[in-house]
Amino acid sequence: MNPDTTTTIKTLGDFAYQAIDKHFKKTVKWEKSVKKDEDPEALHQMRVGMRRLRTAVSRFGLSLNLPKSVSDKNIGKIARILGKLRDLDVLKEILENNYKPHLLPKEQESLKIAFSTLDKQREIEVSHVHKIFKDELYKDFKKDLQDWLEKPSYQPLASLPIQQVLPDLLLPEVSGFFLHPGWLIGTEVADSEIVVQTNWTPEQLEQHLKTEGKTLHSLRKQAKRIRYQMELFTDLYGESFTAKITDVKHIQESLGMMQDSVVLNEWLADIFKSELNSQLRGLTTLLAANRYQLWQQWQPLQEQYLKAETSNNFHLTILQPL
């Protein structure tokens, strides 16, 4: 029997069921729109839904008997295919709205090559999305999860009170977040104190992004994971918890904008090769200036989250559900 969502949710199993049901329904309702490829927003919503569903499945999996097809790995595969198409839409949006209007007519002309390449790449990714919808992997995942939602099956852990297990569900991810090496990029340790270096030149930043950009991007992904997990439990905590989610969202967005700029630069370099600076010098200058500005906005957040009191406070908040 399905848990009655009108009553107060009490057990881990009730909570797991509600989260999976909600994110599954939200995800599949966008499928028709995505197939038609009419609205970039539908693709965005379906990709986010898949990611949130993946978080619910991986976080609650230990208390459920889910079908084999409904695995972290399978959901990840579907989300990645949707993600590749969405990333191209984001690139186009950024180029079109944030940069093209500020370029000289000559550079706007050169950009036509980039837009034409983007359209071709997009066609390929659209075909991959259509293919995954027809694939047994997706069909089995969808049918098996629908069947499970009609007749859910649980592990013994599911009967534990949700308040009792909440901290243990969240703390491993919180520890991974605070211990991520991405926090230390642009710092040095002096007398056991971590000092954020605020005197980097734009050239130094570019150099470090080349060598350490992947680590920074990984911290952004960790921030997104912890945010999605925490958002599963907002009803069970107070204002301090909600404020932490807002903080993590800022971290994710700040690093995300920097990553978008790096990806756009690499993508353009791939198209224009050695001609990039002669054809689009104005654009590459704008992109570098944007990254430098974003880095300066990131550093106060970094400084705050490297303080022991911030991590202590975060952990204490997690330990005190309502």
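Mentor: Let's start with a word we will need: a residue is buried when its relative accessible area is under 20%. Keep in mind that this is a predicted model.

Trainee: Thanks! Is F314 buried or exposed, then?

Mentor: F314 has a relative accessible area of 0%, so it is buried. F178 is buried too, with a relative accessible area of 15%.

Trainee: How are the rings of F178 and F314 arranged?

Mentor: For ring pairs, look at the angle between the planes: over 60 degrees counts as edge-to-face. F178 and F314 form an edge-to-face aromatic pair, with 5.4 Å centre to centre and 75° between the planes. F178 belongs to helix α7 and F314 to helix α11 (residues 308-318), so this pair ties together parts that are 136 residues apart in sequence.

Trainee: Which residues do ring pairs link into a cluster?

Mentor: The cluster is made of F177, F178, W183, W298, Y305 and F314. The count for the model comes to 18 aromatic pairs.

Trainee: What about Y138 and F141, how do their rings sit?

Mentor: Their ring centres are 6.1 Å apart and the planes meet at 45°, so the pair is tilted. Y138 and F141 are both in helix α6, 3 residues apart, about one turn of the helix. Y138 is buried at a relative accessible area of 1%, and F141 also counts as buried, at 1% relative accessibility.

Trainee: Which residues is F141 in contact with, beyond its neighbours within four places in sequence?

Mentor: They are F24, M50, L53, S69, V70, I75, I78 and E136. F141 is also one of the residues with the most contacts inside the largest nonpolar core, together with F60, F177 and F233. That core has 72 residues, and helix α7 (residues 162-178) supplies the largest share, 9 residues. A second, separate core has 19 residues, including L91, Y99, A114 and L118.

Trainee: How do I check the length of a helix such as α5?

Mentor: Compare the expected span with the distance between the end C-alpha atoms. At 1.5 Å a residue, the 30 residues of α5 (residues 105-134) should span 44 Å, and the end C-alpha atoms are 44 Å apart, which agrees.

Trainee: And what do the buried residues of α5 pack against?

Mentor: Among the buried residues of α5 are L111, A114, F115, L118 and V129. The buried residues of this helix pack against α2 (31-36), α3 (40-60), α4 (72-99), α6 (136-150), α9 (239-272) and α10 (276-305).

Methods
Residues numbered from 1 in each chain as written. Predicted model: local features only at pLDDT ≥ 70, side-chain atom pairs only at ≥ 80, totals over all residues. Heavy atoms only, no water. Core = buried A, V, L, I, M, F, W, Y, C linked by side-chain atoms within 4.5 Å. Buried < 20%, exposed > 50% of the residue type's maximum accessible area, 1.4 Å probe, protein only. Helix = DSSP H or I, 4+ residues; strand = E, 2+ residues; numbered from the N terminus. Contact = heavy atoms within 4.5 Å. Expected span 1.5 Å × (residues − 1). Phe/Tyr/Trp six-rings, centres within 6.5 Å; stacked < 30°, edge-to-face > 60°.
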